[in-house]
Amino acid sequence: MPGLLSSPLCLTVVWFLSWSLRPSCAQIWTDEVSDVQYGRLESNVTLACGQSKIGVPVVWYLNHSLALPWHKLMLDGALVLLHVDHSAQGNYSCYDNEGLLLHSVKLRLGRSPGLLSISCQVPNHTYVRCSWVESVKTFLPAKYNASFRGNGHEWRPCVLDVIRKQCDIDHPAFWQTMHTLRITETNSLGSETTFAQFKLHELLKPDPPESVLVKEIEGYPKRLTVSWNFPSSWPLHDAFPLVFQIRYRPRGSIYWSEIYSEENSVIIFDALAGHLHQVQVRARDEVNSESQWSEWSPLLLAQPWKVYPTPDPAVTDDGDYFFPFNTKPETSTAKSHNPVPDAEGNLGLVILLVVFSMVILATVLSLIFVMWLISNISSSARSRALPTGHHSTTITTMH
């Protein structure tokens with residue numbers, strides 16, 4: 001038997017069986033990683049190799065590959081990744097010289113939180129919504145905690161919406177001068193708390209008026225009526241009234257005209273006849289002079305009432321009106337279909353021309369008569385003067 005075991009054929013079979021019974025790397029690679037480790041970008045990250053012994057060779061794999069980022073291997077088998085970037089993220093596995101798995105870990109890289117940029121909107125006296133933007137891109141999942149208080153009062157929770165990165169506050173102490181919001185962001189690498197102070201009465205900004213309508217007033221070519229509804233987010237308009245600003249201008253003009261009103265409708269009396277007008281409305285708290293104006297309502301186009309000499313013009317798909325080039329009033333362009341008024345008008349014109357001709361003729365005849373009369377008088381005077389002159393001449397000769 002000993003000779004048989006020492007034969008080359010038997011040794012080959014034993015060696016083959018030993019490698020066949022050895023755990024394969026493919027089987028180990030399909031196992032789940034046992035831990036998650038977080039590291040900071042652009043720093044050195046050390047990955048331990050479990051229970052490896054000092055001086056015992058180990059082999060590291062990244063995502064089943066021997067290709068590793070810039071690194072160095074320590075005597076205890078630990079892997080030190082140098083100045084890591086996002087390409088160093090992944091599943092790391094450590095094996096001994098016999099191919100046995102010693103440790104596996106998932107590496108995630110990012111940054112610790114920084115200060116947040118916080119802004120708040122106050123659409124009415126009973127509601128505040130605050131949102132924030134990260135100043136540092138952490139690349140890691142984070143948790144948030146938010147609270148709110150007025151001066152000298154206890155902290156109240158701010159209801160969080162982490163997905164939208166905002167929180168809501170119901171019924172704040174509006175009469176207090178200063179308010180503070182505190183938001184803490186936490187991830188696996190650290191945490192950061194941001195404080196923001198503000199005055200609610202200065203941030204008060206209603207939403208724009210809703211359901212704005214602009215209509216013509218029949219029979220008035222220079223008037224438009226504008227109506228709207230209070231913002232739906234302003235339910236207490238009886239206790240907190242709003243003042244409205246309406247601006248309008250002919251389309252193409254750079255100058256706006258303005259009207260202020262405490263009601264939800266006005267009439268424009270000085271619209272430009274025959275022209276499209278742009279109209280917008282906005283709102284502000286009437287009592288609080290330090291509050292902000294809302295955004296303008298969407299721009300609307302409307303034209304004052306107009307009489308058309310032809311059927312109503314076509315309306316294009318985009319809502320603009322198409323107008324005929326001839327914009328003169330109907331009374332100056334429309335033709336009458338009643339022949340009687342035309343005949344009477346022609347007869348009056350003929351009579352007027354006849355009378356005018358007779359006046360001209362009488363004037364000419366009168367002038368001719370006057371000239372004839374003057375001529376006859378002149379001739380008679382000359383004929384009487386001739387004998388007297390001859391007698392004087394004769395007397396002078398006799399002497």
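## Strand E18 and its partners

In this predicted model, strand E18 and strand E19 (residues 257-261) pair in the antiparallel sense over five bridges, and within that pairing Ile246 stands opposite Ile259 in E19. E18 and E19 form a hairpin with six residues between them, and Gly252, which lies in the turn, has a positive phi of about 105°.

## Disulfides and their pairing

The structure holds three disulfides. When the bonded cysteines of the chain are numbered in sequence order, the pairing reads 1-2, 3-4, 5-6. In general terms, a disulfide is a covalent bond between the sulfur atoms of two cysteines.

## The Cys49 to Cys94 link

Cys49 is joined to Cys94 by a disulfide with an S to S distance of 1.5 Å, and the link of Cys49 and Cys94 is left-handed, with -70° about the S-S bond. Because Cys49 lies in the loop between strand E2 (45-47) and strand E3 (58-62), while Cys94 belongs to strand E6 (residues 90-96), the pair ties together parts that are 45 residues apart in sequence.

Cys49 counts as buried because its relative accessibility is 2%, under the 20% cut-off, and Cys94 is likewise buried, with a relative accessible area of 0%.

## The Cys120 to Cys130 link

A second disulfide connects Cys120 and Cys130, with 2.0 Å from S to S, and the link is right-handed, with 105° about the S-S bond. Cys120 lies in strand E8 (residues 116-124) and Cys130 in strand E9 (residues 127-134), so this pair ties together parts that are 10 residues apart in sequence. Both Cys120 and Cys130 are buried.

## The Cys158 to Cys167 link

Cys158 and Cys167 form a further disulfide, in which the sulfur atoms are 2.1 Å apart; with 85° about the S-S bond, the link of Cys158 and Cys167 is right-handed.

Technical notes: Residues are numbered from 1 along each chain as its sequence is written. This is a predicted model: local features need pLDDT of at least 70, side-chain atom pairs count only at pLDDT 80 or more; totals for chains, interfaces and linings use all residues. Side-chain values use heavy atoms; hydrogens and water are left out. A disulfide is a pair of cysteine sulfur atoms within 2.5 Å. Helices (H or I, at least four residues) and strands (E, at least two) are DSSP runs, numbered from the N terminus. Buried means under 20% relative accessible area, exposed over 50%, partly exposed in between (1.4 Å probe, protein chains only). Two strands pair if DSSP finds at least two bridges between them.
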